[in-house]
Amino acid sequence: MLGDHTQKGISTSSYSSSLTYATRNKYKNDFRDSGGLESQSVQELESYATYKAEETTKSVNNSLKIAVDMREDATRTLVMLHEQSEQITRSHAIAANIDQDLSRGEKLLGSLGGMFSKTWKPKKNRQIAGPLITRDAVQTKGNHLEQREKLGLTSASKQQSKTRTPLHEPTDALQKVEVEKSKQDDALSEISNILGELKDMAIDMGTEIERSNKALDHFDKDVEELDYRVKGANQRGRRLLGK
């Protein structure tokens with residue numbers, strides 16, 4: 001039985017790593033070079049089952065790590081997209097302030113020119129509306145912070161990850177396989193949860209990009225209008241200086 005290995009001081013939790021290179025190759029090849037599964041002893045088959053269970057757990061854990069890395073990258077992308085949206089909003093607010101200063105300058109330029117000069121009025125194509133502020137932006141920011149907590153980027157999530165109940169050391173092959181199956185089920189469940197989160201985050205990315213594009217388009221129109229009015233004010237100033 002597999003218990004013979006534990007009696008020799010080999011822990012079942014690290015059994016696959018204690019196998020020789022030849023034994024691992026034999027298990028990887030499913031005994032094709034040694035008569036197949038039907039020709040093996042019960043003890044050999046138990047060791048083989050333990051090896052396969054551990055290798056499957058490693059594969060599932062590797063997949064989980066990839067999923068976690070993907071979630072972390074997606075979260076950072078979402079945070080970056082939100083920060084870009086905030087930057088657009090701040091820049092647009094500055095443009096709105098320029099509009100107020102420009103209006104005062106236009107009023108002053110209109111009153112200059114002498115008693116017999118015709119009052120100058122600046123040409124305007126449209127009003128400066130300022131940045132677009134929606135509730136979606138606030139809600140999206142909250143979602144990003146929540147995703148950061150799920151990623152373990154906050155101290156609260158890190159503390160929760162340390163409270164898992166440790167698994168008991170198995171004493172035979174059957175218990176070892178059951179423990180590995182339990183680990184696999186937990187990892188697969190976590191992968192499923194992460195995939196669901198990635199789907200939601202992909203939707204959030206699309207929403208954030210769409211909102212940023214609309215904000216940029218709105219910002220661009222206001223900047224064009226300000227540029228048009230600044231050129232008109234400059235022309236007025238040059239005319240006054242030329243008199």
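A: The protein chain has 7 helices and 0 strands, where helices (H or I, at least four residues) and strands (E, at least two) are DSSP runs numbered from the N terminus. The model is predicted, so local features need pLDDT of at least 70 and side-chain atom pairs count only at pLDDT 80 or more, while totals for chains, interfaces and linings use all residues. Residues are numbered from 1 along each chain as its sequence is written, and side-chain values use heavy atoms, with hydrogens and water left out.

The largest nonpolar core has 12 residues in all, including Val-60, Leu-64, Ala-187 and Ile-191; such a core is a set of buried Ala, Val, Leu, Ile, Met, Phe, Trp, Tyr and Cys residues joined through side-chain atoms within 4.5 Å, buried meaning under 20% relative accessible area with a 1.4 Å probe, protein chains only. Helix H4 (42-111) and helix H7 (173-242) each supply at least two residues of this core. Leaving aside its neighbours within four places in sequence, Val-60 is in contact (heavy atoms within 4.5 Å) with Gln-184, Ala-187, Leu-188 and Ile-191.

The axes of H4 and H7, lines fitted to C-alpha atoms over the stretch in contact, with angles running from 0 to 180 degrees between N-to-C directions, come within 6 Å and cross at roughly 15 degrees. The two helices H4 and H7 are therefore roughly parallel to each other, a term for angles under 35 degrees.

Notes:
Buried means under 20% relative accessible area, exposed over 50%, partly exposed in between (1.4 Å probe, protein chains only). Angles under 35 degrees count as roughly parallel, over 145 as roughly antiparallel, 65 to 115 as roughly perpendicular and the rest as oblique.
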